[in-house]
Amino acid sequence: MTTHRTSKRRLAAGTAVVLAAMLTATACGGAEKKDDKAAASGSGFNAGIDKVANASDKKGGELKFVGTQDADSWDPQRGYYGFMWDFSRYYTRQLISFKPGPGKESTELVPDLATAKAEISDGGKTYKYTLKDNVTWEDGSPVTAQDVKYGIERTWAQDVISGGPVYLQQVLDPKAEYPGPYKDTAPDKLGLKAIETPDAKTIIFKLPTPNGDFEQMLAMPAASPVKQDKDTAAKYGLKPFSNGPYKIDSYEPNKSMKLSRNENYKPESDTIRKALPDTISVTFMANADDMDKRLMNGEFDLDINATGIGQAARATALKDHKGNLDNGQTGFIRYAVMPQTVAPFDNIECRKAVIYAADKKSLQTARGGPQAGGDIAPNMLPLGIKGSDAKYDPYEVLKNDGKPNLEKAKEALKACGKETGFKTTIAVRNNKPVEVATAVSLQNALKQVGIEADVDQFDGAQTSGIIGSPKVVKEKGYGIIIMGWGADFPTGQGFSQPLVDGRFILQSGNNNFSELNDPAINSLFDQAIAETDPTKAGDIYKQMNQKVSEAAVYLPFVYDKTITWRSSRLTNAYTTDAYNGRYDYASLGVVK
Amino acid sequence: MTDPTTKTGETGALNQPYDGAPSSTAFLDVRDLKVHFPTEDGLVKSVDGLSFTLEKGRTLGIVGESGSGKSVTSLGIMGLHRVGQYGRQRARISGEIWLDGKELLSADEDEVRRLRGREIAMIFQDPLSAMHPYFTVGKQISEAYRVHHKVDKKAARKRAVELLDRVGIPEPHKRFDSYPHEFSGGMRQRAMIAMALVNNPELLIADEPTTALDVTVQAQILDLIRDLQKEFGSAVIMITHDLGVVAEMADELLVMYGGRCVERGTAEKVFYEPRHPYTWGLLGSMPRIDREQTERLIPVKGSPPSLINIPSGCAFNPRCPYADVPKGNVTRTVRPELTAQDDTGQDGTRHWSACHMSQEERTRIWTEEIAPKL
Amino acid sequence: MLAYLIRRIFAVLVMLLVITLVTFGIFFLFPKLIGTDPALYFVGKQSDPAAIEGIRQKMGLDDPILVQFGKFVVGLVAGRTYANGSDVTQCAAPCFGYSFKTEQEVWPLLLDWLPVTLSLAMGAVVLWVAGGVATGVVSALKRGSLLDRSAMGVALAGVSLPIYFTGMLVIALFSDQLGWFGRPEASFAEDPGRWFNGMILPWVSLAFLYAAMYARLTRATMLEVLGEDYIRTARAKGLTEPVVIGKHAMRSTMTPILTVLGLDLGALMGGAVLTEYTFSLHGLGYSAVRAISEHDLPVILGITLISAFFVVAANLIVDLLYAVIDPRVRLS
């Protein structure tokens, strides 16, 4: 009996090995076979970084997106996912938008529905736009200033259509006096006083206080027009009414979406969107590994989520399909942050000890290495943002080649009065395996200097209620929190203010986890925001960034990078800083 | 009456293998049947050299404890040792079984299958487990008929109802569509008998047909079998561990112990002049209605021998109360052979017994020590 | 019989109600107990107080849990209205709730996902019953043979290998490498041919897992049945081996298999999670996983209920079926 059972087990093990070998063989073989033509026409590694891969104006064909994650909402006022902002340009326009160009060029704002950028007056408190003549809805009716105002007003109705960014509301109506269009008593539902629409072509924004990034906010999908009689409130995201080059033919959440040309769209009104394909399809599937494989098979053109090729397929992709890959910045920084409310991190020296003791090289490896993870970040301002300085290395991370500086860490511990180390807890989202890996790496590094850290994996879906609540953080004793952050709009205000401005500390949904509240930093934000010249504002953000570094509350890991797939069929593919390293979807075309 | 043993000698012949003996004239002639099952623990010699004959219209009772090889003998005659999980590789069978001039062990399986149920039918011990629980009684009976007769369902049903009626089942038309579990134990056994008789078999093997039944029903069933035997004129082998069952039915008795025959003769001889200590034990453990029970039953002490390691010498020796009786110059490690006794049944059938004790000694013990106690 | 049926159906209804209550409690009361607000799950990236309040209003999260439950049950029967001021959403009966993630009613979604799960399960059932039972019977009849050993070896592999693995393997082999079968993309309505072609690999992968189980079950049952007295009787009647095995032995062997099959099917109706995930089939199982990862409570609740319904219904059907298969079983 014993021998019998053993032989059975051996047989099963043997079968498994054979199957595994077959899987590997066919996975590689299959990809190679299909790739003969793909590799030949792949435009080259990083061909879409800072330049246009496969430039073309050829129209027609079907552009095939695939993804594992549907948008939070396709309602322009509700969507907050980065890829949704990029994709939404197919069916909605704003007064101004991002320039179609690779890399940093994309962060420049250019007029879209408006004839020109804003006429700014009243010391930066009044923004006036005139709409183009031939901008239309999918039913052929013109897009009016009232439509734009109504769309923006929807942002106020957070009780009905929650989820989207509320910058416009915070800037235009900081006291939230306007109840939103659904509770608006004015007959035309255009009761918001901060926006004036003297006629169908003119729209005037009146800000209580100036904000240099106001136009950045107007470039978000949340500033899109919505035609009032087409507004289905909460259900609008299931079928938004198009004013862009494509209209939504069908949409089944988490399953698929199909777009076709909007016949009433006037291409001559639009200098941003190339609108090359005849149809656009999005397929949502569950299995990320299978998705990568099918991208490599050439069944789809690109990953709409642009989360990067998964670990399972990465090696094959880099080996056999390098010409189809772009390894670009996402604009995110991955970091650890130390809440000052949790002892002993109320003492800057203890925080410094963590920063010095951390093994940045190992953290980078945990993130996926220099390519899939990104370059080691010496400070907390990403490269695409004005004021950033990749050489600013206050903790000599780059100088040390990412290795831990145990000597300085021990010095800092001594200065903190914890010469033998201390105990703390690392909080990390349980649904991000890579973040968990970095937490473990950090845990191991800290052990070298006597800091014993527990890793606590919390429910990643409840981030805003757990680490977003300073009370919970203090209660749970989260001394170190692992997170990542990307800007909603590419300026110092967009990236850093929620993280380090003391006035942004919230009781729930907080992002200033360190609870840094330095009047000097706060006032630098005020100065920078009041500054309408982006370059001058950048200088101020540079100072701000240095002060943040000096506070030693952040331990940046990497400037996040991904390896994204660009099918050989794609034309006009280039990654953008404006859309977190995604391709500019509105410019893409396909060869057939 | 032909006695096969005369062909090869008076004593010790029955356990010797035959060598190309001509076909038998007896209706059923079993010669040196051996059924061995190889197992992981060793070779199980369930039947180890058994011979007997049986004529039509006569009843042979095979008696023995469970594990003595009596049921395996019946399976061997039915050819059931070689199909299914008793498949050819598992059971090693040798010897000869002649039925009506045909040798069954060398016949091919399909030939044997065609005989099964038609010429040789069998009544099993527990009719509840021996009938398929998911098919109606009638269906199971008519199925047995239709295997061997090319008739339509209707005709088969008619035949089955006829048989159900014959075995004494009231309202046979209705009961035809009942399931076995809806019958009482006695009725089930009657149905089982109807199933066995549906093809007018010439040989009927009844394997403990009454064990699962209560006493009054037992008598009814035995009466039924006896009546039917008269009517159909079949030969009957009645297998039982209970001498009482065969007492009134059998013409001849065969007592089995450890896969072999230890005593054989007419019922009368075996009952009233048994010549083997094992038979005495069986008789002693038999409750009898015809006599007043003055003493407690005398069971055979100990348990049946393992069929893997049958003791050398007399298999019954470890349990034999007379093991110590002097046996002259007999070597104890030699197995006692069946020997023709000097008395013969009324019909001329010889009385055989396999014991090392002298005939005189055994006659003395029986008449002086055993018989008075029974 | 009728009284029995009525009693059982009533018991089923009570059980479903209890399951609803428990599920409801888990998803709507439990978050409160551990100090989080279900409304938070639906507000997205920013937890604007107005947004949370709006959702709370519309979902009726401020009501006591039993009132919420009562409204839910009433909604099941009569439909209900989700209202937050002028923002009103009608949910027609049977209202299984309303997904605040996708702004869709749950019931039509369930109706959308169910056929996918159903077709996956049904196709796989045919394959695994045919394959598993045949293998099991042959193995039982040829017990100890090379055929038996290799079949049981494969069965062991089938039981032990995760579907994620076998699924990816068959995709790599038959879809990518050989190109025989596509992936399940077309619906039956769109293109029956492509649908069938696409469903083959999911069917086979799922069936392989179960076939292995059924082969082992069939083999064991068959061996047991072959030892039964009534099989000996069947042979004693002179029946041929095909009749003995195919009719007498199979009839008994199928009883436990049908029982297990009923329960397996009931469980599968709730979604073959891993198969659906591996092949990106948008059925109940995959949707359940997605809903759980997105904390889409009404959808989770809906899927839980429909799955519970199938399991409970399968139990009832198996019990009724038992009475049909086995004449010894009486319903009372």
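Helix axes here are lines fitted to C-alpha atoms over the stretch in contact, and angles run from 0 to 180 degrees between N-to-C directions. The model is predicted: local features need pLDDT of at least 70, side-chain atom pairs count only at pLDDT 80 or more, and totals for chains, interfaces and linings use all residues. Residues are numbered from 1 along each chain as its sequence is written, while chains are lettered from A and ligands numbered from 1 in the order in which they are written.

**Chain C overall**
- Chain C has twelve helices and four strands, taken as DSSP runs numbered from the N terminus (helices H or I, at least four residues; strands E, at least two).
- The C-alpha trace spans about 80 × 55 × 40 Å along its principal axes.
- Of the 332 residues in chain C, 47% are buried (20 or more other C-beta atoms within 10 Å of the residue's own, with C-beta atoms placed from the backbone).

**Packing of H8(C) and H9(C)**
- The two helices pack at about 145 degrees, with axes 10 Å apart.
- Residues in contact have C-beta atoms, placed from the backbone, within 7 Å.
- H8(C) contributes C:Tyr230, C:Ile231, C:Ala234 and C:Arg235 to this contact, and H9(C) contributes C:Val244, C:His248 and C:Ala249.

**Interface with chain B**
- In chain C, 20 residues are in contact with 25 residues of chain B.
- Helices H8 (229-236) and H9 (241-269) of chain C each supply at least two residues of the chain C side.
- H8(C) gives the largest share, six residues.

Methods: Contact = placed C-beta atoms within 7 Å. Buried ≥ 20, exposed ≤ 12 C-beta atoms within 10 Å, placed from the backbone.
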